[in-house]
Amino acid sequence: MHDKAAAILRLFRAGAGYTSGEYLSRELCVSRTAVWKHISALRKNGYRIEAVPSRGYRLVSSPDIIDPHEVAAVRGDTVIGRELEYVKVSLSTNADAFRLAEQGAAEGTVVLADSQTGGKGRRGRVWSSPAGVNLYCSVLLRPVIMPNEAPQLTFLSAVAVARAIEQTTTLIPEIKWPNDLLVSGKKVAGLLNEMSAETDGINFVILGIGVNLNMTADQFPNDLRHPATSLFLESGIRVVRSQFTGTMLRELDHLYADFRAYGFGPVREEWQRRCNARGRQVLVSDSGTECTGGRFIGIDSDGALLLQSDDDKQHRITCGDVRVI
Ligand code: BTN
């Protein structure tokens with residue numbers, strides 16, 4: 001898609017109702033004929049744009065493709081996503097982003113895919129990644145922090161996804177430690193952070209973000225360990241993938257700017273507020289064996305879960321499955 005076409009989409013979204021051809025031509029510094037040509041090209045790509053004489057154009061609907069220009073139109077002028085790579089079929093967007101990072105790609109580079117053939121989950125699991133329905137996204141960051149602080153960045157992406165769910169649906173997401181997004185107690189998104197580091201600093205971090213947007217029940221694998229769902233299954237409304245992606249990247253950009261300015265504090269506070277265990281008693285099990293119980297206190301600066309047991313002892317949990325009682 002042409003940059004001017006992306007700018008037209010941005011102007012449509014910025015205004016309510018109709019946008020006149022004259023206004024578009026003035027804002028874009030192109031002729032009315034050129035505006036009309038870009039509108040025709042957008043229509044050919046599946047955008048429904050209504051034209052009413054003496055009122056102008058109105059964007060009626062967008063196609064559900066992940067279009068980098070469409071994502072850029074929603075995301076606005078942000079550092080995260082200023083370079084957007086779209087791959088129709090990827091083995092894993094995390095692997096793509098890792099390779100780009102090693103080749104010197106800029107901070108904020110994002111890889112998006114329509115499907116993944118080897119989507120990676122945490123602890124070596126497979127992340128089911130069918131085509132045409134979900135978000136598979138990896139973000140390259142080059143933060144100036146120590147390697148033990150890198151988990152903090154996964155908490156940023158959890159909060160960004162939660163905000164995007166709230167802004168694009170009527171659903172209320174919750175975060176489950178360490179970094180699952182739940183809707184109605186079922187997993188709707190997962191995050192996988194990977195990094196390249198030396199002992200004294202980080203070369204780069206890849207934030208891998210998978211969100212089940214429009215997946216239907218028959219598209220989930222049968223052998224899931226925990227109940228999973230999609231935003232569509234929970235709300236009955238299809239999510240426009242480019243819009244969700246742009247919203248999530250914009251929120252991640254805001255969070256990363258705050259993180260660089262003020263550190264982990266504000267993100268930690270929002271993450272704890274959104275956590276399904278806040279103020280509750282939880283049980284942690286590892287490999288099916290229940291090992292620790294206590295009241296949720298919060299998260300530590302390295303991402304560990306902090307619990308307080310009945311005998312007032314504080315526990316740091318670094319792995320395991322958390323169940324809210
Ligand atoms: C988990 O909950 O186990 C983490 C899942 C992370 C999946 C995303 S999809 C985009 C990115 N590419 C991958 O291969 N994995 C992450």
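Lys176, Trp177, Cys275, Asn276, Ala277, Val282, Phe296, Leu305, Leu307, Val322 and Val324 form the lining of the largest cavity. The structure is a predicted model, in which local features need pLDDT of at least 70, side-chain atom pairs count only at pLDDT 80 or more, and totals for chains, interfaces and linings use all residues. Residues are numbered from 1 along each chain as its sequence is written, and side-chain values use heavy atoms, with hydrogens and water left out.

One cavity of 30 Å³ or more is present in the structure. A cavity is a set of points, on a 1 Å grid over the protein atoms alone, where a 1.4 Å probe fits but cannot get out; a pocket is an open set with protein on both sides within 12 Å along at least five of seven lines, and lining residues have an atom within 4 Å of a point. The space in the largest cavity amounts to about 50 Å³, a volume being the space filled by probe spheres set on grid points that are joined across faces, edges and corners. At least two lining residues come from each of strand E12 (305-308) and strand E14 (321-324); strands (E, at least two residues) and helices (H or I, at least four) are DSSP runs numbered from the N terminus. The lining comprises nine nonpolar, one polar and one charged residues, where Ala, Val, Leu, Ile, Met, Phe, Trp, Tyr, Cys and Pro count as nonpolar, Asp, Glu, Lys and Arg as charged, and the others, Gly among them, as polar.

The second largest pocket holds about 220 Å³ of space. Its lining consists of 14 residues, with Lys176, Leu182, Gly185, His226 and Val322 nearest the centre. Strand E6 (174-176), strand E7 (180-183) and E14 each give two or more residues to this lining, and E14 gives the most, with four. Domain 2 (68-274) and domain 3 (281-324) each contribute at least three residues, the domain bounds being taken from an automatic or database domain assignment. By class, four lining residues are nonpolar, three polar and seven charged. In the loop between E6 and E7 lies proline 178, which is joined to tryptophan 177 by a cis peptide bond with omega of about 5 degrees.

An N or O atom in the side chain of serine 92 is 2.8 Å from an oxygen atom of the ligand. Of the 420 Å² that the ligand exposes when taken alone, the protein buries 98%, with accessible areas from the Shrake-Rupley method and a 1.4 Å probe.

Arginine 123 is located in the loop between strand E4 (110-116) and E5. Its phi is positive, near 50 degrees.

Methods: Polar contact = N/O pair within 3.5 Å; in protein donor to acceptor, adjacent residues only side chain to side chain.
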